[in-house]
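Student: I have a file open and want to go through it chain by chain. Can you take my questions as they come?

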Amino acid sequence: MKKLILDSIGKSQHRGLNFRDLLYNNEARAFFFQVVTFILVVGLFYTAIGNLFHNIEERGINTGFTFLKNRAGFDILPFLGNYLVDYTPESSNFSVFYVGLINTLVVAFIGIILSTLIGLLIGIARLSNNYLVAKLAGGYIELFRNIPILLQILFWYNLFINIFPHPKQSFAFFDIMFLNQRGLYLPKPIPEDGFMVVVLALLVGLIASYFVKKFYKKKHELTGVHTSTWPFSIAFIIGLPIIVFLVLGSPLQFDISVLGKFNLKGGMNVVPEFLALTFALSVYTATYIAEAIRSGIEAVDKGQKEAAAAIGLTPTQSLKLIILPQALRVAIPPTINQYLNLTKNSSLATAIGYPELMSAFGGTVLNQVGQAVEILAMAMLVYLVISLFISILLNYVNKKMAIQGR
Amino acid sequence: MPVFDQQETRKPPISQIGAVLWLKTNLFSSWINSVLTLASLYLLYILIPPLLNWMVFDASFSFGTVNFFGFEIKFSEEMATNDNCGRVGACWPYIYEKLYMYTYGFYPRTETWRPNIVFGLTALLFVIVPLVKNYKYKNRVTLSLIILYPLISYVLIAGGFGILTPVDTDQWGGLLLTLIIASVGIIVSFPIGVLLALGRQSNLKVIKLFSTLFIEFIRAVPLITILFMASFVLPLFLESGNYFDKLLRALIGIALFQAAYFAEVVRGGLQAIPRGQYEAADAIGLSYLQKNVLIILPQALKISIPNIVGSSISLFKDTTLVLIIGLFDMLAMVNLTSNDPYWLGREPEGFVFVTMVMWAILYTMSRYSRKLELRFNTENKN
Amino acid sequence: MKQLLKLSAATLLVVGALGVQASTLSDVQAKGHVSCGVSKGLAGFSAADSAGNWTGVDVDVCRAVAAATLGDAQKVKFVPLTAKERFTALQSGEIDMLSRNTTWTITRDASLGLNFAGVNYYDGQGFMVKSSLGVSSAMELSGAAVCIQAGTTTELNLADWGKANGIDYNSVVSDTNAQTLTNYDSGRCDVLTTDASGLYSMRAAANDPSEHVVLPEIISKEPLGPVVRQGDDQWFNIVRWSLNAMITAEELGVTSATVDDVSNNPERERLMGRSGSTHEYVGLTPDWTYQIVKQVGNYSESFERNIGLNTPIGIARGVNALWTDGGILYSPPFR
């Protein structure tokens, strides 16, 4: 800055000091604008925060994060978060945060897998040479893409609780799984002593099959002899744990739901709020993923497909080895963006009462405690971290793909 | 005398013509395709007939009174209630009865003409004007409409001038509110978005930093957290005794949210402008303002138009979220109206109705955006 | 341009800082209406009829305050609020008073910067089940799924009660009253729990009220009353004594029909502002209580008109009867 003023003074020396020079000096102007913006933004924040503290004090609202340690005092719809945190009304408000976070991540995780599968299927179907299949896939996209996601969540939820039967008339699958308006009841696995050994066996199997694969790949590269590795993989990944499991005398029991007075008791209850939310999010996000995949496939040069056919690859081989690897390079970045959107949209669960972060913590705790600033700041921070994580992932993927490319 | 018997030309085999050929090539070209076709047909069979039965064949249609944009059509004199309908099919008279609520919310029934004019203007601005082919003053007409539309709409809806009795914002609702939130959100956030995009591309470090922070922060969090902030925390940021109307608070939140998304769209356009354009503008001595307003922005915005429409579509979908902070938009009306003691449990009809309206609007918008995309694509190539 | 925008935002805040904080009463008199926060729709307490008029016992408290301060019970701007927003709306000054079936608890009274001005309905939390379940006591509810609305004291009471009685249940929480009712109706849960008054009003709205039973257990005390911001004692007194005026009027047998009759009961004359100077203490005109009774009626009139036995809600006075009639409704004297 000093240099700047000296410069402008220096320039004006032979014409006399002139304020106009300073006014029309680009650097001086840039500096001036930045200072003004800085003062305004900081001033705005300063005033707002000042008001905030003044208001909080004047209205006798509590501040700080001590509320996190206080007893929550209310119940949460029992789902995964509850079981993992072992939540009861005696738990603290911080446990609610934890329960909400887990439930958010569960929806995001299952939703991402499901939406990718549906999206892949629809995206490929859209380009099928079967007229009916292509049209149906197109119809699917046009229908679900153009309906607000909140409406879809509410719709599926209300449909679910209204069309499925009362627990007393549940649909039973072999008397171990039940489906009714209170959700899906699955057998709950109860590991006994020695089950860890089975898990260990599975791990060993995975590592072994990896090395086998590596070995034959090397052999293929060296000698050109191709060996199918899948029998080894099956033997190691499935066979080994099963043998260990049987040898140890089946160290895993299942708790199966039975009909109680009001509800099915025991087992693992996947609540309808979760089912409806995950389904709606997956169906909606899949339309975007399908479009990404379609544009990815369409971006692959036609010559590639023709060349693949010319060297005698079957359509399946051509899709798997030639088209998809190239298509994915175009399709993956927008798809990862959709994963972020799905995670953010999971916050709409508050409309149907699925206890995720914004509903259990940003909703119920906010109500009971009333400290909106702290609670919303914590919730926003979580989404910021998730979004940061996804950006890092995206950058990594972009980089990796760029290296492989031209 | 040998007579040349003209033989009839043989017809092509039936498998090579018309419907059969089409069927063969498009549906049954291989066994896998045949399986897929049959599976698709089965899917349609289990989905379509029950839906049609519910919506049309088992449904009740004709009694009660319809209030369609202020015009009443009477099917029957007696008051329609749930009892007139069975529980098998849809009960459309519920929609007739509640159509006013779905369209205008609690807006006074004597003042219906005011929102009607706004609906007309909206259609004019967003549907008719863009569709009419180029005419002489198209740009000026569009621009003046964009500037006048919010003013006229506000004066008409809020009232408080002359013969227009004031109508408080808590009486606005239904489709009217949905349109207000969407159009105000789009129109207000656009200039902010352009400024943010320019800020992010600027050489001025402080401005660049603030713009980037704002954009990235907003884009990382869900809209609902921003609406909660606007609803619960914004009042605390103001000097006590001052407050914004609840709708206004929601609008501020939505406009800031959308501005960040517009900013990224416009930035994409800015980045697509060749450096030469900037350098040429600098070379002929244009100021920053002149350079952007006359050279850069017109080109950048033109490239971004399809994405701007796409982003506006997302915003339109997001307007439904205001239901969570207790505003009565069209979707919120489903719960409200189906808890009327006379119409209990009519959520399915409500959801289907709102779905159809929203879908029709959004589908039109997305078709329109695709059309724009094609148009601008060809223009770029020439 | 960007600077301009931020400047205007900053100005907005600064102008706010300059604005003098007036008393709520003069504020109300200046703008010509009372802004009153009410429920988004709870039949009998605050609900909009098909013509858009608000009625209910909570609404009548707002109207009484408007009659007292502005002389016209119609000069109320009703602001429908969800359970979540109600306190913020009051704290921020968006509304002048809150009359939205709000339970008076020490936490709310002492930690939210609010004051409860009295009790206009003594309620308690109860349970409703479908008759087909064959349940006759809440003690039989172990294992049931319970529908409950988020953001209320109901959630806390239920957890306390479940723990105290060793009853295990699943709570199904919804954001709105409407979704709670839908959940209960569809069978997503077996039991609906909320304030007993709410249960009666929901039962009345059901297709066939005889299909639902309200169980005898009342598991909590829910004194519902109007709330004002802390720090304006004059306004607090006006709201508190407007409500008390309605109760005292019932006690003295004054109704909207008989309010003009002159009697020799000194307390009655004092209440009607025809003697004494109570009005000066609250800063209102002498006829403020007269206007309340004339335009809104006494407590009994408001009760019977909105939720009494002759309405679809059909609630008996019970504990909400005057102390002289076996209830607990008791107003300090107008003296």
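Tutor: What follows covers the conventions, then the chains and their contacts.

Student: What should I know before reading numbers off it?

Tutor: This is a predicted model, in which local features need pLDDT of at least 70 and side-chain atom pairs count only at pLDDT 80 or more, while totals for chains, interfaces and linings use all residues. Residues are numbered from 1 along each chain as its sequence is written, and chains are lettered from A and ligands numbered from 1 in the order in which they are written.

Student: Start with chain C. How many helices and strands are in there?

Tutor: Chain C has 13 helices and 14 strands. Helices (H or I, at least four residues) and strands (E, at least two) are DSSP runs, numbered from the N terminus.

Student: Why does the radius of gyration of chain C agree with a compact globule?

Tutor: Because a compact globule with 335 residues would have a value near 20 Å, and chain C has 22 Å. The radius is taken over C-alpha atoms, and the globule rule is 2.2 Å times the number of residues to the power 0.38. Along the principal axes, the C-alpha trace of chain C spans about 70 × 60 × 40 Å.

Student: And what percentage of chain C is buried?

Tutor: Buried residues are 54% of the 335. A residue is buried if 20 or more other C-beta atoms, placed from the backbone, lie within 10 Å of its own.

Student: Now chain B. What is its radius of gyration?

Tutor: Chain B has 28 Å, but a compact globule of 382 residues would have a value near 21 Å. Its C-alpha atoms fill a box of roughly 105 × 70 × 45 Å along the principal axes. Of the 382 residues of chain B, 36% count as buried. There are 13 helices and 2 strands in chain B.

Student: Which domains is chain B divided into?

Tutor: Domain 1 (34–99) and domain 2 (167–381), with bounds from an automatic or database domain assignment. The C-alpha centres of these two domains of chain B are separated by 34 Å.

Student: How many residues are in contact between them?

Tutor: In chain B, 8 residues of domain 1 are in contact with 7 residues of domain 2. Contact means that the C-beta atoms of two residues, placed from the backbone, lie within 7 Å.

Student: What about chain B against chain A?

Tutor: There, 40 residues of chain B are in contact with 44 residues of chain A. On the chain B side, the elements giving two or more residues are helices H2 (31–57), H7 (205–220), H8 (223–237) and H13 (347–381). The largest share, 9 residues, comes from H13(B). By class, that side has 26 nonpolar, 10 polar and 4 charged residues. Ala, Val, Leu, Ile, Met, Phe, Trp, Tyr, Cys and Pro count as nonpolar, Asp, Glu, Lys and Arg as charged, and the others, Gly among them, as polar.

Student: What is the strand order of the open sheet in chain A?

Tutor: The 4 strands are in the order S1-S2-S3-S8, with antiparallel pairing. Two strands pair if DSSP finds at least two bridges between them. The edge strands are S1 (171–173) and S8 (268–270) of chain A, each pairing on one side only.

Student: How many bridges join S1(A) to S2 of chain A?

Tutor: 3 bridges join S1(A) to S2 (residues 177–180), and the two run antiparallel. Phe173(A) stands opposite Met177(A) in S2(A).

Note on methods
Buried ≥ 20, exposed ≤ 12 C-beta atoms within 10 Å, placed from the backbone.
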